[in-house]
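Welcome! Please take a moment with the sequence and the 3D view below, and then we will walk through some of the details together.

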Amino acid sequence: MTTNWLVPRRRPALVAVVAVLTLTSLGLAGPAAGRPEQPAQTESQSQAASQGQAVSPGQAVSQGQAASPGQVAPLAQPAAERAPSLVPPGYAPAWADEFDGVTPEGTGLDESEWFYREGDKAICTNQPENVTVDDGLLHIAFDELDEPYGDIVTSCGGVVSKRWFGYGYYEVRAKLWGEQGFHSAFWTTGLSAYIPDVPGYTGPHNRINEIDGFEVDSHAPDKLAYHSHWFMPGHVGNQGNLVTQADSSAAYHTYGFEWTPTEVRFYTDGVLKYTLDKAGPHGIQNVWLTTLGYTDGVVTDHLPAETTWDHFRYFAPVETGHDRSAASAMVDNGDAGYAETGTWDYETADGRQVAFGAQDKVVRASSASGATASWTPTLPAAGSYEVYAWNPNLLDTGHTAAKYTVLHNGGSTDVVVDQTTAGQQWVSLGAYPMTPGAGQRVTVTGDAAGAGILRADAVKFVPSTVVDHGSPGYSEVGTWATSTAVTGWRGSTTRYASPSTAKARWAPTLTAGRYDVYAWVPPRDANMPEESAFSVTHAGGTATVQVGDATPSDGWLRLGNFAFDAGSGGAVEYGQSADSEGKFGQMRVDAVKFVPAPQEAGAPTTPGGLAVDVSTTPANGDAWFTATWTPVTGADVVGYHVYLDGQRLTWQPVRRNLFRLHELLAGQTYDITVTAVDRLGNESAPSAARPAVAPADTRAPTPPSGLEAEAANGQAVLYWQQNTELDLGGYNVYVDGELVNGSVPVGNINDETNRPLGYPVEASNNVAHTIEVRTLDLVGNESASATTTVTPLPMSIIGVKDTGYGETGTWSASSIPGWLSTPTRTSNVATATAQWRPQLAQAGEYEVWAWVPSNEFSARARYAVTSADGTVTTDVDQRVGSGWTSLGTHTFAAGNGGFVTVSNLGSGYLRTNVVKFVPVG
């Protein structure tokens with residue numbers, strides 16, 4: 001099976017119109033062996049590449065076929081038994097589970113497709129028995145535990161898909177719970193062996209990013225939270241929004257999100273609710289449907305209770321092939337034809353590859369002024385080529401003005417790309433005439449107008465003739481004008497006209513042959529025609545493609561595959577017809593392009609000669625496989641997909657016949673297969689499988705460094721440096737020789753951002769304790785101990801939710817974590833103050849400490865300690881250095897007469913967390 005992936009076309013961020021796809025509308029014919037010469041159906045008639053097979057629960061639309069125009073796969077059950085999907089244009093059904101069960105009685109979760117969520121989380125324990133399937137529904141139950149332990153007072157559950165999914169449209173229909181205490185979510189994130197939620201996962205490390213399709217706390221069932229995150233390797237949050245809408249517990253609603261290279265769009269019942277920027281990095285991830293006991297104050301009167309889920313459906317972007325050709329020339333970093341000047345390095349974090357390149361995760365990066373990278377292709381023939389650069393985006397750290405210079409027959413052209421917003425995808429640099437052997441190339445450097453890390457990966461040169469408005473071959477009839485507000489191909493201007501007689505025409509100069517023809521459709525709005533059409537004049541006659549509200553916009557629309565004679569006799573025209581009321585709309589046009597392409601003639605030949613080797617780096621725990629195979633020849637073969645145990649690993653077809661994947665789990669054996677792919681995403685049958693055997697690992701990891709133990713009241717708070725081994729599984733903590741963290745290790749490869757916040761362990765006051773911390777790898781090898789001692793002391797520690805903390809002025813909760821990840825507060829009101837007033841049992845000297853939650857937008861703060869000695873102030877710059885700051889040693893009387901006050905010395909956000917009063921002597 002393949003989870004279909006393609007960079008979707010951009011769409012206007014505020015479009016809320018979706019196509020209602022019933023199971024009947026999705027359910028007709030498979031393809032014939034070859035296609036007649038006729039226009040392809042529009043992408044709104046998205047069709048899955050199945051050879052006539054149905055989609056049933058736990059089954060792909062196709063085994064090895066991408067979503068492409070001209071093909072449809074029916075979903076299994078009659079439309080009357082299914083809720084319709086509310087899908088934006090441009091997507092095809094790719095995989096679904098309707099939760100119809102696996103037994104004749106319609107019960108049972110399909111365990112071949114789903115993991116059960118396990119392990120403790122928040123105040124509940126995830127139990128497989130809380131997940132059931134019957135009556136066409138997935139049920140996730142939650143209840144009180146008969147025997148609570150620690151903070152765990154309820155049972156809960158969830159499921160995690162075994163398949164990985166990428167860009168596309170995700171949808172569930174669900175009814176949630178509406179009383180205090182539970183947290184339900186529809187979300188995606190990848191898996192790794194360190195994640196306790198899915199102990200059965202033994203695949204490679206693949207936790208890259210997270211998208212929260214919704215998160216709902218049951219005490220507020222009408223408020224849906226939309227967020228996203230990255231793990232690369234540290235956790236980075238991408239704050240979204242909390243949107244009030246229909247009560248999720250009162251009735252079933254259809255929830256969906258559309259994931260593109262630059263943003264995520266969230267829908268409820270087909271209506272766009274929120275758009276969240278999410279530029280990258282993006283990995284193919286798993287789907288999670290979960291309900292947790294999450295907050296104290298659970299309403300127990302109506303337990304056990306449940307959330308119910310009618311279906312999960314994934315729709316893949318339709319692959320149009322507008323940026324692909326078997327005759328393309330690609331130059332990747334490291335290939336012949338790639339060169340650098342200045343200082344460059346590989347893009348890694350703690351030894352982990354974190355940025356996604358076009359064919360792998362080997363990406364080059366430079367912060368050096370004046371550094372350049374260049375790509376010189378070996379072109380197959382003289383002609384017009386559209387040039388694309390892969391943008392290996394990594395959060396907001398890319399260069400904001402990466403200047404690509406394209407050297408072509410007509411000279412050179414500069415194209416400036418903001419790498420922070422362009423998304424993880426191919427970015428068109430334009431179409432240019434080029435000649436083999438003329439030294440033509442692409443060079444990138446960081447322009448002085450921008451800043452950031454310049455990244456370089458691959459550039460491809462795709463044979464393509466583009467006729468843009470205003471260029472030779474473009475003409476108009478009637479009155480047209482230029483729009484700068486509505487942009488077109490590559491962010492250019494567009495043209496618009498309203499008269500009924502107005503027409504636009506694109507007449508290219510072509511060599512004889514077959515071409516796929518594409519028209520750029522500008523973003524739709526309410527003024528555009530209800531009925532308009534493109535007419536293609538080709539060697540065999542004229543073909544018409546209708547355009548309407550359901551046609552995808554803000555992207556390339558495939559009009560079909562046609563034969564053209566040499567010269568400029570072929571053309572595309574665009575015009576409109578009156579609507580039902582006899583009215584005409586405002587037409588918008590931009591460019592049309594012609595990509596040389598043979599007529600579709602079935603799937604490519606299966607690759608042969610697959611060989612798989614496994615290598616290791618014991619020092620950092622990495623193991624990786626390298627797969628090579630014999631290239632497939634074919635007039636329409638554009639690359640290959642690589643699979644591990646049937647799961648596709650490649651975002652898009654790799655051009656070369658080599659692929660590597662790092663971070664395999666030691667001691668595991670995986671089956672590797674390869675398929676060949678044509679330009680519309682059709683795949684060959686898979687190759688014969690070859691094993692990738694990751695050797696067993698018996699090497700102990702490195703002990704943690706920098707271990708420190710801080711005395712607290714009945715506790716020791718531990719700090720240490722995060723290890724950088726790629727197979728880090730976490731840490732075991734021992735107090736006086738006893739393991740205190742149970743069977744689940746503390747921390748993991750994504751935990752270094754939490755390490756400076758401290759890890760608490762219980763320990764008796766006024767007793768010296770020996771603390772040991774040992775590193776664990778993913779297969780359970782344990783390091784030698786890092787050791788320290790600590791003597792906890794009775795002291796007063798006051799946080800922002802404790803008695804003794806007070807505020808004046810306007811304050812709010814802050815997302816910046818404090819000591820031990822406790823809450824922090826903030827105020828940008830200049831006169832606001834906060835106070836910590838302890839209740840001290842004994843008079844005496846105390847050293848006073850404040851935990852400072854720093855941030856670049858924070859204030860310069862003045863802490864004033866009032867004690868029996870009077871008032872002493874300490875000024876602290878809260879913009880730098882999160883952690884404890886000593887406010888000095890002071891004499892306090894018993895009781896609550898002493899206190900600490902903080903105020904703002906100027907502008908910025910004043911922040912508060914914890915103050916502690918530590919007895920001296």
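## A hairpin to start with

How many bridges join strand β54 to β55? There are 5 bridges between β54 (residues 708-712) and β55, and the two strands run antiparallel. Strands here are DSSP runs of E with at least two residues, numbered from the N terminus, and two strands pair if DSSP finds at least two bridges between them. In this pairing, E710 stands opposite V717 of β55. The hairpin of β54 and β55 has 2 residues between the strands, and G714 takes a positive phi near 70 degrees there.

Strand β55 (residues 715-719) has another antiparallel partner: 4 bridges join β55 to β58 (residues 759-762). Here Q715 is the residue that faces E762 in β58. Strand β55 is also mostly covered, with 4 of its 5 residues buried. Buried means under 20% relative accessible area, exposed means over 50%, and partly exposed is in between, using a 1.4 Å probe and protein chains only.

## What kind of model this is

This is a predicted model, in which local features need pLDDT of at least 70 and side-chain atom pairs count only at pLDDT 80 or more, while totals for chains, interfaces and linings use all residues. Residues are numbered from 1 along each chain as its sequence is written, and side-chain values use heavy atoms, with hydrogens and water left out.

## The whole chain

Looking at the protein chain as a whole, you will find 72 strands and 0 helices (a helix would be a DSSP run of H or I with at least four residues). A compact globule of 921 residues would have a radius of gyration near 29 Å, and the 30 Å of this chain agrees with that. The radius is taken over C-alpha atoms, and the globule rule is 2.2 Å times the number of residues to the power 0.38. Along the principal axes, the C-alpha atoms fill a box of roughly 100 × 70 × 65 Å.

Of the 921 residues, 56% are buried. The chain exposes about 34,200 Å², and carbon and sulfur atoms supply 50% of that area; accessible areas come from the Shrake-Rupley method with a 1.4 Å probe, and for residues only the protein chains shown count as cover. Among contacts between residues at least 6 apart in sequence, 75% join residues at least 24 apart, where contact means heavy atoms within 4.5 Å.

## An open sheet of five strands

Next, follow the order β22-β27-β32-β29-β30: these 5 strands make an open sheet with antiparallel pairing. Strands β22 (338-341) and β30 (411-417) stand at the edges with a single partner strand each, so one side of each is left without a neighbour in the sheet. Neighbouring strands of this sheet are turned by 20 degrees against each other on average, direction ignored. For such angles, axes are lines fitted to C-alpha atoms (for helices over the stretch in contact), and angles run from 0 to 180 degrees between N-to-C directions.

Within the sheet, β27 (residues 372-375) and β32 (residues 442-446) pair in the antiparallel sense over 4 bridges. Across this pair, A373 stands opposite V444 in β32.

## A disulfide

How many disulfides are there? The count comes to 1 disulfide, defined as a pair of cysteine sulfur atoms within 2.5 Å. C124 and C156 form it, with their sulfur atoms 2.0 Å apart. The torsion about their S-S bond is about 65 degrees, so the disulfide is right-handed. C124 belongs to strand β7 (residues 124-126) and C156 to strand β10 (residues 152-161), so the pair ties together parts that are 32 residues apart in sequence.

Are these cysteines buried or exposed? C124 is buried at a relative accessible area of 0%, and C156 is buried at 0% too.

Most residues other than glycine have a negative phi, and most peptide bonds are trans. D269 is not a glycine, yet has a positive phi of about 50 degrees. D269 sits in the loop between β17 (263-268) and β18 and is partly exposed at 36% relative accessibility. S821, also not a glycine, has a positive phi of about 65 degrees. The loop between β63 (812-814) and β64 (824-827) holds S821, which is partly exposed with a relative accessible area of 45%.

Two cis peptide bonds deserve a look as well. The bond from G280 to P281 is cis, with omega near 5 degrees, and P281 lies in the loop between β18 (271-277) and β19 (286-293). The bond from L303 to P304 is cis with omega near 5 degrees, and P304 is in the loop between β19 and β20 (305-317).
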